[in-house]
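Let's take a walk through a protein chain together. Please have the sequence and the 3D view open, and look for each residue as we come to it.

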Amino acid sequence: MHNKNLTSGDSLLFWGFTFLCLTGAIVAFFYNPAQIGVGTARFQCPFHALTGLYCPGCGSTRSVHYLLQGDVALCFRYQPLLIPSLALIAVLYIQQALLLFFGKTFRLPGIRLIGQIVLIVAIVYFLARNLPFECLNCLRPIP
């Protein structure tokens with residue numbers, strides 16, 4: 001365990017992140033993003049709307065909705081990287097909570113390597129889901 005001095009900005013960032021996550025979870029639970037929109041138009045990812053490409057996060061909002069509804073299979077179909085990403089975010093969140101409440105933190109062994117692997121997987125996933133091969137359609141979000 002390592003000691004670290006917290007600033008009020010660290011605390012504000014932690015509680016702001018917590019509030020945004022809880023608010024987002026409540027909204028995603030009750031409202032299906034696939035059905036939200038003006039008239040018949042759904043909300044579109046700005047990156048996809050501008051480029052026509054699927055970013056590594058495309059489908060995440062719908063995926064979170066289905067995960068919160070308990071449909072893990074559909075969650076995975078919309079965004080296969082969501083569940084592993086949430087696990088990593090949860091570990092980092094717990095690390096920050098320990099620091100905030102107890103003033104101590106722990107070093108995760110290999111966290112730098114994990115970060116590099118996540119970056120490489122995201123890049124490969126981005127490239128693969130945008131290649132024009134029918135066998136890779138399973139990597140694209142459901143239209």
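Helices, which need at least four residues, and strands, which need at least two, are runs assigned by DSSP and numbered from the N terminus. Keep in mind as well that this is a predicted model.

With that in hand, we can begin with the whole chain. There are six helices and four strands in it. If you read along the sequence, these elements follow the pattern β-α-β-β-α-α-α-α-β-α. Of the 143 residues in the chain, 22% are buried. How do parts that lie far apart in sequence come into the picture? Among the contacts with a separation of 6 or more, 57% are between residues 24 or more positions apart.

Now let's go to the surface. I26, V27, F29, F30, Y31 and L68 form a nonpolar patch there, and together they have about 600 Å² of accessible area. Which element gives this patch its largest share? That is helix α1, residues 8-30, which contributes four residues. Exposed means over 50% relative accessible area, so F30, at 59%, counts as exposed.

Next, turn to the aromatic rings. The chain has eight aromatic pairs. In one of them, the rings of F17 and Y93 have their centres 6.0 Å apart and their planes at 40°, so this pair is tilted. The pair links distant parts of the chain, because F17 is in helix α1 while Y93 is in helix α5 (residues 82-102), 76 residues apart. Are these two residues buried, exposed or in between? F17 is partly exposed, at 37% relative accessibility, and Y93 is partly exposed too, at 27%.

F29 and F30 form an edge-to-face pair, with 4.9 Å from centre to centre and 90° between the planes. F29 has a relative accessible area of 34%, so it counts as partly exposed, whereas F30 is exposed, as we saw. The rings can also gather in a group: F14, W15, F17, Y93 and F101 form one aromatic cluster.

Our last stop is R129, in helix α6, which covers residues 111-130. Is R129 buried or exposed? R129 is buried, yet it has no salt bridge. The nearest side chain of opposite charge belongs to D71, and that is 16 Å away. A salt bridge would need a side-chain nitrogen within 4 Å of a carboxyl oxygen. What does R129 touch instead? Leaving out residues up to four places away in sequence, its contacts are Y54, C55, P56, G57, C58, Y78, Q79, L139, R140 and P141.

Follow that list to P141, which sits in the segment after α6. Buried means under 20% relative accessible area, so P141, at 7%, is buried. Setting aside neighbours within four places in sequence, P141 is in contact with Y54, C58, G59, R62, Y78 and R129. Look at Y54 in particular: P141 and Y54 are 87 residues apart along the chain, while their C-alpha atoms are separated by 8.1 Å. Y54 is also one of the residues that R129 touches, which brings us back to where this last stop began.

Key. Residues numbered from 1 in each chain as written. Predicted model: local features only at pLDDT ≥ 70, side-chain atom pairs only at ≥ 80, totals over all residues. Heavy atoms only, no water. Buried < 20%, exposed > 50% of the residue type's maximum accessible area, 1.4 Å probe, protein only. Lys, Arg positive; Asp, Glu negative; His and termini not counted. Contact = heavy atoms within 4.5 Å. Patch = residues over 30% accessible without salt bridge, like charges linked within 9 Å, V, L, I, M, F, W, Y side chains within 5 Å. Areas by Shrake-Rupley, 256 points an atom, 1.4 Å probe, with all protein chains shown as cover. Phe/Tyr/Trp six-rings, centres within 6.5 Å; stacked < 30°, edge-to-face > 60°.
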